[in-house]
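Subject: Structure handover

Dear colleague,

Here is the structure we spoke of, with notes on what was found in it below. Please read the notes with the structure open.

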Amino acid sequence: MASVIPRDEEAPLVAAADDSPALQSPKSHHTKDVHILSLAFLLIFLAYGAAQNLQSTLNTEEDLGTTSLGILYLSFTFFSVVASLVVRKLGSKNSLIIGTTGYILYVAANLKPNWYTLVPASLYLGFCASIIWVGEGTYLTSTARSHATDNKLHEGAVIGDFNGEFWAVFALHQFIGNLITFALLSDGKEGSTNGATLLFVVFLCVMAFGAILMCFLRKLSENSKREYDHSGAGASEHSSLKSLCRSLTSALSDVKMLLIIPLMAYSGLQQAFVWAEFTKYVVTPVIGVSGVGSSMAAYGAFDGICSLAAGRLTSGLTSITAIVSFGAFIQAVVFILLLLDFSISSGFLSTLYILFLAALLGIGDGVLMTQLNALLGMLFKHDTEGAFAQLKIWQSATIAIMFFLSPHISFEVMVVIILAFLCFSFCSFLWLALKVVKTSSSSTSE
């Protein structure tokens, strides 16, 4: 999804004078990097996402599957605290490549699932997930800034455009992964060892291609060294644990960060709700276990479509506020319908209704993921890694809490909690938007 490059009468003369890749690469390779990054994440996560959805179905003995997921997200939360330091040390590209190994190991552990394979794999994946996501946010944002600078484009629009493409492609992992699962585990084979083994072998092959694609990304130091150095991320004083603690403390003392944290936490909570509650208490009773795949496919498809549209519409804080407001309203409608226990008795219409709810939840998720990442990229240029580390800390923490608490809380109580949290996080976000606009107006008047 290449942004339109402003016309420059001298550009053709320069290109005609010298067609060397060295002169072309600074402008032409930014969008190529985004395409590669998006496709690599799609391949990695269509396998992992489907494997995650199957944990409560395939690994039921002593709740091995759900327990391993809880351990995974606790590990994710812990390692997210130090993820920004690791990414600064390794670099974004190396962090992305190393991060893929945890997902491959976790899927491989499902070939022989037990406490001695899944639990260690979950702990290691927690570390890998923290660095791959901080690396992704840093890499994508820095690439967008470089593209905007090199081509004299509006930075906010480019950040929104790049995030829109990434999250649109990424959201398709639910659609494609669940279709593959349905194809290989259909006709009652979900309990078959051979069927599950074949599925995970196919997933490992797909993930291998994703890992290979990561190697074709250009290093951040070559891609956007100006922004990286300007933010201080490459400075030696930032490479110490003392500096990391100071960075985390300063982030939590930043009013803008404090106001956006509730929305970060909610974004993880609503995802875990779909994985742990919606499929179990809404989808399965109406259309059965076989309907989980189709409902999650609808969720992923609309997630992707909305991510693409929201990214293209993003141009600054005003557009982000409008888009987030739309997404919050859509998800609030879903939760209110679930609280009212609204249902349709007709078999075909009831199936369509469940798919409709899944689609609305997907739309809300697409809005939150694109706009949160774009917002962090715009507001925290001085510490991009730290901002995305905060995002993953709060997301993974709420996901872990959901997995551990869901067996002990009724579905109705869970819906009330998530609806109340949505209202609180949205109000906090509006406060942030008003504060930033007021600060910007004050600076302009001066």
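Glutamate 277 touches Ala272, Val282, Met402, Ser406, Phe411 and Met414, leaving aside residues up to four places away in sequence; a contact here means heavy atoms within 4.5 Å. Glutamate 277 is part of helix 11, which covers residues 255–287. Helices (H or I, at least four residues) and strands (E, at least two) are DSSP runs, numbered from the N terminus. Because its relative accessibility is 1%, glutamate 277 counts as buried. Buried means under 20% relative accessible area, exposed over 50%, and partly exposed in between, with a 1.4 Å probe and protein chains only.

This is a predicted model, in which local features need pLDDT of at least 70 and side-chain atom pairs count only at pLDDT 80 or more, while totals for chains, interfaces and linings use all residues. Residues are numbered from 1 along each chain as its sequence is written, and side-chain values use heavy atoms, with hydrogens and water left out.

On confidence: pLDDT is the predictor's confidence in each residue, from 0 to 100. The protein chain has a mean pLDDT of 82, and 82% of its residues reach 70 or more. The pLDDT is below 50 over residues 1–25, a stretch with 20 contacts in the model beyond near neighbours in sequence. It is also below 50 over residues 225–239, where the corresponding number of contacts is 24.

On the fold: the protein chain has 16 helices and 0 strands. Of its 446 residues, 56% are buried. Taking contacts between residues at least 6 apart in sequence, 86% join residues at least 24 apart.

On helix 5: threonine 143 lies in this helix, residues 115–151. With 1% relative accessibility, threonine 143 counts as buried.

Helix 5 packs against helix 6 (residues 155–184) at an angle of about 140°, with the axes 8 Å apart. That makes helix 5 oblique to helix 6; angles under 35 degrees count as roughly parallel, over 145 as roughly antiparallel, 65 to 115 as roughly perpendicular and the rest as oblique. Axes are lines fitted to C-alpha atoms, for helices over the stretch in contact, and angles run from 0 to 180 degrees between N-to-C directions. Residues making the contact include Thr143 of helix 5 and Phe166 of helix 6.

Regards
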